[in-house]
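Subject: Two-chain model, handover and notes

Dear colleague,

Here is the model we spoke about, followed by my notes on what was found in it. Please read the notes with the structure open.

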Amino acid sequence: MHNHTVSQLSQGLREGSYSSVEVTRNYLERIARLDERYNAFISVDETAALAAAEAADARIAGGDAAPLTGIPLAHKDIFCTKGMKTSCGSRMLDNFVPPYDATVIERFRSAGSIILGKTNMDEFAMGSSNESSYYGAARNPWNTGCVPGGSSGGSAAAVAALLAPAATGTDTGGSIRQPAAFCGITGLKPTYGRVSRLGMIAFASSLDQGGPMARTAEDCALMLNTMAGHDPRDSTSSDVPVEDYTAGLEKSLEGLRIGLPDAYFGEGLDSATGECIHLALKELEALGATLTAVSLPHSELTIPTYYIVAPAEASTNLSRYDGVRYGHRCADPADLHDLYTRTREEGFGDEVKRRILIGTYALSAGYYDAYYKKAQQARRLIRQDFLDCFQSVDIIAGPTTPGPAFALGAKDNDPVSMYLEDVYTLAVNLAGLPGMSLPAGFVQDKPIGLQLIGPHFGEGRLLNVAHRFQQATDWHTRTPGDGEHVA
Amino acid sequence: MNWESVIGLEVHLQLATRSKIFSGSATTFGAEPNTQASAVDLAMPGMLPVLNAEAVHYAVKFGLGIGAKIGKRSIFDRKNYFYPDSPKGYQISQFEAPIVGEGSFEISLPDGSTRSIGITRAHLEEDAGKSLHEDYHGQSGIDLNRAGTPLLEIVSEPDIRDATEAVAYLKALHSLVTYLEISDGNMAEGSMRCDINISLRPQGSSTLGTRAEIKNVNSFRFVEKAIQHEIERQSDILEDGGTIVQETRLYDAQRDETRPMRSKEVANDYRYFPEPDLLPVVIDDAYILAIQHTLPELPTTKRHRFAEAYGLSNYDASVLTDSRPLADYFEVVVATCNDAKIAANWVQVELLGQLNREQTSLAQCPVPAADLGGLITRILDGSISGKIAKQVFEAMWQGEGSADAVIEARGLKQVSDSGALEGIIAEVIAGHPEQVQQFLEADEDRRKKLTGFFVGQVMKASKGQANPQMVNALLAEKLA
C-alpha cells in the first residue's frame, strides 16, 4: 500500500481495505528502515502518529470521514507542531517545541490526517540543495549522491522514496517546485495569501507560501482543499473564496493557451532538460493546448531583485532569535552583547548568516534607496510582465530548473551558482503567482520537472492541466525503488 | 546675548484599547509579570501581527480632534533594533505614511492668553516590554505585559518657547485625549510619556540651533524642570562660546539634571522598511465621517463657550473645562442655581479644594452637582450666609444629605426675622458700652471699622445665622 497515492489510500480506508493504523504503521516502518539512506526526516513521533491513526479509524468507522481522514502525511519542519519539535533545520531551534500548531497543521489535524514526522530542510528554508540543514543534507532517492533540492528537500525525498504519501512544503523562491522537480514528484506553490502563514516560520514574509507536495496533481488538489482558506490571524491571507480543487481536474485542455517565455528557454538551460520540456509541451499540444511565445521583458531583474527582497525581510524576521525567550542560548553570557553575538554566532549556519548580512546591508541608511526601494520597483515590473502575458495566454510553461539534480557538495564554494538554480522559479514568488512542478522525463536517470505558472488564484486551472498531463503520461508513476540506485 | 529656546515635544500616548495593537492580549496595568503576553507578544516563531481596529479608530479620533488630515493609506514599518524587551528585534511603527498628518490645537496659558501649537504628525506603534533589573542578582528579568500596548506618538512642531508653554501643551493634550476617551492619560502609569527636543538660538534669529533630545520624561513637573535645566545648560555652553552636541539625554529627577545617555542606549540605524506581515491601512471618507459624528464638544470649543455663555474669565473657563466630568458637573450646578459666577467660584474653590485635600477625584465626589446647585440657591435666596454654606457643604460631603436637609437638621437657617435680630443687637449694644461711646465720637472711617466689630459680635451671638445685610441695616438704625 506504500505505493498508493493519497486518493487511492483515501478510497482504501473508506472501503475498509486497510485501517489508518495499518497504513501509518507501514509508513513508520519504512521510515525506520530506509530513512537512514535519505535523511528525509528530522523527527518522527511514532506514538503520537499511531494514536492519531486510531482516532482516525474511529472517525472513519463512525462515518464521519473527510477525504484526508486517516492519511499519514509528512510536514516540513518549518510548520509549528504543538508539542513536537520544530527546528526549521537550524541549531537555533534544535530545542524548540512550539506550544501551538500552525494553521496548516491545525487544518490537517481537524481533517483527521496523521503526522508521520517533520522533514528535513535547508536552514530557515535558505537554500536550494538541503545542504544548509543543521541535521545534514537529505539525499535524492533517485541518486543518493545527489541533492534532493531545497529547501523542502526532506519532503520531496520522503514522498519520492515512498516514506510518506504526501507532504507539505514551503516555497519562497522555488522551495517546493525545485525539489519536486529534482525528486520526480508533483508540487504546487499556491498564490501568495492562499494558504495561511501563521505558525509557518518566516523566511521572507512577502514571498513565503506553503503548499502540497505529492505524487500526483490530484493528490495536490486534495491537500490544497484542506490547506487553503482565509485565516483571520494572518493579515496577508486572502479572503477570495476557495474552490474545490478536485472539481475541475478532468476539464478538457482543448483551447488552452500556453505561453512559453523566451527567457525560460535561452542560455543556461541544459539541452537534454530542454528536450524533455519540449516533449512535454508537445504532449500538452496533443491534448488540445496551443503554444505561443511570450515575453517577460524584465526577467533579467529577477535574481538581483529576489536577492535583495528576500534577505532584507529575512534579516529582520530572524532578529527574534536572540537567545532570550526560546531556542539556542550560548553558555554563560558575560553581558547582553555577548548573549546576542555568541547565541547567533553558534545558532545560525553560514548561509543564514550570509543572507542576514546581505539583508542588513540592503536596508542600511544610505543604501535603502539604491537597493530595497529599487528592488520593490523592479518587483512591480516583474509582476506586471506576468499580468501582461496573462492577457493573451491562460498559463505559462517552462522548465522548473536549468538541469537535473546536482551532486552533493558540487556548489559548496559557489553560493552564486547555487542562487542561479532558482532562475526559473523566483519570479513566481516575486509576482505572488501560483506555480507547479510536475515530472516530465529523465536526464541521466534523474527526474526533470515541467513548471506551470498561472494567474493569481489560478490553482484550479494549473491542477487541471497537470492532472490531464499525468493521465496521458507515466513519469509521475515511476519510483526510484528502495535504494537500488545508490551511487 | 538673549537666547530664545525652541522646543518640540514627542508624546507617546497609550491608547485605552482593551487588547493590544497586534494581539488579543489584555492591556490592563499592573498585572503579574508576563501574564498578559501571548505567543504573538513573545514573538514566538511563526507568529503574525493582526491590527486592532480599535487602535485605528482612536488614532483617527485624535486626528479629527486636532483638525488634522487623516492618512487614507497609512503603512506600518519595522523599526529594527535589538533589545531584550523588544521581543521581535524590531518595533512595528509607522514611518513614511503615518495615520495622522498635520494639525494643530490651542493651548491656554496661566496668564489667560492662548496659543496655537502645530502637530507635525501622529502615528501608531507598539510599546516595548520592561526590563527589571532589581531582585535578580546580576541578572535581568523581562516583563512583556506592556509589549504590544498601542501607542500614538504625537509629534509637535517646534512651536513651544518655554517650560510653561510645554506644560500648558501637555495639559491641553491630556485634556483633549481624555475628552476623546482614547486614553486614560494616567501619567503615573506611563500612559503619557514625553520626549523633549530643545535648542537655543539668538533672540530674533530664524535659523534653528543644534538640539538635544531628552528622553522619557513622565510628569508635568519633570517636563518643566527638565526644560528649565536644559535651557540653562545650553545657554551656559553658548555663552562660553561652546557648541551644543546633538545627543540624547536623560532627565534625572533626583539630581534635577539632564545627562547624556550611554552610547549603547542611543539608537543608530533603525533600517526602517514596510512591515510585510501587515497590509496598508486604507481608510475611506465614510469611516472618517462616522467617527466625526461621535466626537464630543472638545475642550477648546467648550472653553470658549463657557467664557461667552457664562461670562467667565478665560482662566476660570479653562480650569472648568480641563476635564469633561468637571465641565459637566459645573453645567449642572449652573442649571440648578442659575448663577454662573457663584457656581464657578464654588466649584473651583470649595469643590476642587476639597477634592484636592482628600486626594480624590470627581468620580468619587460624594456631593452630586444638583445638590451643590441647591446649596448655592439657598445662599442666593438668603436662607443661609456664605459662611454657613461652607459648614453645610462640609456636612453634605460627610453624607448628611442635601443642603435643605442639612440646614433643617442643624437649624442653620439664617435669622432674617427683624424682631429676633433687634433683640440680639440690643444685647450686643448693652454689653459693649465703651465701643458704643467710641462709635458715637468717631469719624466716618472709624465708624465703619466699629460697625464691623458690632456685626461680628451679632454674628457670634447668633452663631453665624444672622442675616448680615439685615444686621448692618438694623445696627445703623440703632447706633444712629
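Two residues are taken to be in contact if their C-beta atoms, placed from the backbone, lie within 7 Å. Helices (H or I, at least four residues) and strands (E, at least two) are DSSP runs, numbered from the N terminus.

This is a predicted model, in which local features need pLDDT of at least 70 and side-chain atom pairs count only at pLDDT 80 or more, while totals for chains, interfaces and linings use all residues. Residues are numbered from 1 along each chain as its sequence is written, and chains are lettered from A and ligands numbered from 1 in the order in which they are written.

Chain A, helix 2 and what follows

Helix 2 of chain A (residues 20-38) has a kink of about 45 degrees centred on A:Ala32; the bend at a residue is the angle between axes fitted to the seven residues ending there and the seven starting there. A residue is called buried if 20 or more other C-beta atoms lie within 10 Å of its own, exposed if 12 or fewer, and partly exposed in between, with C-beta atoms placed from the backbone. The buried residues of helix 2 of chain A are A:Ser20, A:Val23, A:Thr24, A:Tyr27, A:Leu28, A:Ile31, A:Asp35 and A:Tyr38. Their cover includes helix 1 (6-15), strand 1 (41-44), helix 3 (46-61), strand 2 (72-76), strand 3 (114-119) and helix 5 (153-160) of chain A.

A:Asn39 counts as buried because it has 21 C-beta neighbours inside 10 Å.

Other backbone points in chain A

A:Cys88, in the loop between strand 2 and helix 4 (103-111) of chain A, also deserves a look. Phi of A:Cys88 is positive, near 60 degrees, and the residue is not a glycine. With 34 other C-beta atoms within 10 Å, A:Cys88 is buried. A cis peptide bond, with omega about 10 degrees, joins A:Gly150 and A:Ser151. A:Ser151 belongs to the loop between strand 3 and helix 5 of chain A.

The contact between the chains

Chain A gives 36 residues to the contact and chain B gives 25 residues. On the side of chain A that touches chain B, the elements giving two or more residues are helix 9 (302-317), helix 10 (336-347) and helix 11 (350-363) of chain A. Helix 9 of chain A supplies the largest share, three residues. By class, this side of chain A has 20 nonpolar, nine polar and seven charged residues. Here Ala, Val, Leu, Ile, Met, Phe, Trp, Tyr, Cys and Pro count as nonpolar, Asp, Glu, Lys and Arg as charged, and the others, Gly among them, as polar.

The sheet of chain B

Two strands pair if DSSP finds at least two bridges between them. In chain B, eight strands form an open sheet of mixed pairing, in the order 5-6-9-1-10-11-12-13. Strand 5 (103-108) and strand 13 (257-260) of chain B are its edge strands, each pairing on one side only. Neighbouring strands of this sheet are turned by 30 degrees against each other on average, direction ignored; axes are lines fitted to C-alpha atoms, for helices over the stretch in contact, and angles run from 0 to 180 degrees between N-to-C directions.

How is strand 9 of chain B placed in the structure? Five of its seven residues are buried, so strand 9 of chain B is largely enclosed by the rest of the structure. Strand 9 of chain B pairs in the antiparallel sense with strand 1 of chain B over five bridges, where B:Leu13 stands opposite B:Leu152. Strand 6 of chain B also pairs with strand 9 of chain B in the antiparallel sense, over seven bridges, and there B:His123 has B:Glu153 as its bridge partner. Further along, strand 10 (192-202) and strand 11 (212-217) of chain B form an antiparallel pair over four bridges.

Helix 1 (53-65) of chain B lies across strand 5, strand 6 (114-126) and strand 9 (150-156) of chain B, at about 165 degrees to strand 6 of chain B.

Regards
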